[in-house]
Amino acid sequence: MRWSGQELQTEQAGTLPGLARLNNLVRSVTTPEFAGITFHEVLAKSALNHVPGQSQMPFGWTINPYRGCSHACSYCFARPTHKYLDLDSGKDFDNEIIVKVNVSEILQKELAKPGWGRHPVALGTNTDPYQRAEGRYRVMPGIIAALANADTPFSILTKGTLLRRDLDLIAEAAERVPVDLAMSIAIYDDDLQQAVEPGTPSTKARLATVSAVRDKGLDCSIFMMPILPFLTDTTAHLDEALRQAKAAGATSVLYTALHLKPGVKDWYYQWLARDHPELMPRYRAMYTTTYAPKDYRKWLAARIKPLIRKHGLERAPEDPATGGVRSAALAQSQPAQNQSAQKHLGLLRTDDGERPRSLIEEELPPELAPTLF
Ligand code: SF4
């Protein structure tokens, strides 16, 4: 499905001032299906973002089809990015969603440039690519197909159970390029989870998605991020979280303590003051900078590492450049491109001469089809 084929039901007459300055804004729309949310459809000028890296990982590449996120996690570190168009990092971040409706078309052009180095690309490191809007706009299949067709490894980190919709396509892509999947599931107390992450699918539904990924024969990490001090850092909670992660089939886990950078801290503190006022003094004493104090992080590591071992889970490697899963492709000199992948993609004929159906091919525009034969 192409963006121009989308049918939203109501066109909003007035856009917000910052958005109105955009010369690539197509329209701002609301729809009864998404009460309280406005989608601002823009034509992206680029799809691939170059992310400066650190140490042994000099840089990374990311794609963010959406800005803002209706998953509405109160601790979301991406909130300040919404201020760039006079939108606030609180409610506007949750409800005013920028949709790059042409992202897969732009991506195909960028990946076709002779200089593209087929570096691993991370999805879900800023805002969630499988947030609810994706059910409407369906931009991810085109992105996945474009990356696989360009022999470009990729990773996806999400809280969205909508990932299941694309698992056949992702499994096909994984036959051609390294693909790393991770579900973000940090809170295993239903009431707390709904209070802190009110727009997200339940923990149970996300764990079921991990199992669905594993049923397709793909690995799936669980990101226990963030661990919330004094709320989810008890031995009982961590132990139960890891037990459920293992039972769902997670192949590895990654954890980190809550970060609260400016623009996020105020919003999180609003929630904390409302739901757990007794914790405010401890948080204020603890978060004098963005990061939890070193002593706390050491204490947390000493508590969780034996539990990770106890449950037979591995600690997943993190990509220091993007904050996502470290791509398995970084351990390989060249992206996988073997005969079975070619056969799956339709590059080779089957024994009876029939070319098997390719989901990747179906997501690509006709002009790219010749590259598949
Ligand atoms: S799902 Fe991720 S991007 Fe979306 S609000 Fe939560 S933390 Fe932010």
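**Reading salt bridges and a helix pair**

Colleague: I'm new to this one. Is D151 buried or exposed?

Modeller: D151 counts as buried, because its relative accessibility is 6% and the cut-off for buried is under 20%. Keep in mind that this is a predicted model.

Colleague: OK, and how do I read a salt bridge?

Modeller: The general idea is simple: side chains of opposite charge can pair when their charged atoms come close. In this structure, a search of the whole thing turns up 14 salt bridges.

Colleague: Which residue forms a salt bridge with D151 at 3.8 Å?

Modeller: That's R118, with 3.8 Å between the closest N and O atoms. D151 sits in the loop between α5 and β9 (154–158), while R118 sits in the loop between α3 (103–111) and β8 (121–123), so the pair ties together parts that are 33 residues apart in sequence. R118 counts as partly exposed, because its relative accessibility is 38%.

Colleague: What about D151 and R176, how far apart are their closest N and O atoms?

Modeller: They are 2.6 Å apart, and this pair is a salt bridge too. It links distant parts of the chain: D151 is in the loop between α5 and β9, and R176 is in the loop between α6 and β10 (179–184), 25 residues away. R176 counts as buried, because its relative accessibility is 5%.

Colleague: Where does K216 find its salt-bridge partner?

Modeller: The partner is D168, and their side chains meet at 2.6 Å, N to O. K216 lies in the loop between α8 (203–215) and β11 (221–227), D168 lies in helix α6, and 48 residues separate them. K216 is partly exposed at 39% relative accessible area, and D168 counts as partly exposed at 43%.

Colleague: Which residues do shared partners join into one network?

Modeller: R118, D151 and R176 are joined that way, through salt bridges that share partners.

Colleague: Let's switch to helices. How do I describe two that pack together?

Modeller: You give the angle between their axes and the distance between the axes. Here, take α5 (residues 140–149) and α6 (residues 167–174): their axes come within 10 Å and cross at roughly 10°. That makes α5 roughly parallel to α6, because angles under 35 degrees count as roughly parallel.

Colleague: Which residues make the contact?

Modeller: From α5 you have P141, I144 and A148, and from α6 you have L169, I170 and A173.

Colleague: How many of them are nonpolar, polar or charged?

Modeller: Sorted by class, the contact of α5 with α6 has 6 nonpolar residues, no polar ones and no charged ones.

Methods. Residues are numbered from 1 along each chain as its sequence is written. This is a predicted model: local features need pLDDT of at least 70, side-chain atom pairs count only at pLDDT 80 or more; totals for chains, interfaces and linings use all residues. Side-chain values use heavy atoms; hydrogens and water are left out. Axes are lines fitted to C-alpha atoms, for helices over the stretch in contact, and angles run from 0 to 180 degrees between N-to-C directions. Helices (H or I, at least four residues) and strands (E, at least two) are DSSP runs, numbered from the N terminus. Angles under 35 degrees count as roughly parallel, over 145 as roughly antiparallel, 65 to 115 as roughly perpendicular and the rest as oblique. Contact means heavy atoms within 4.5 Å. Ala, Val, Leu, Ile, Met, Phe, Trp, Tyr, Cys and Pro count as nonpolar, Asp, Glu, Lys and Arg as charged, and the others, Gly among them, as polar. A salt bridge is a side-chain nitrogen of Lys or Arg within 4 Å of a carboxyl oxygen of Asp or Glu. Buried means under 20% relative accessible area, exposed over 50%, partly exposed in between (1.4 Å probe, protein chains only).
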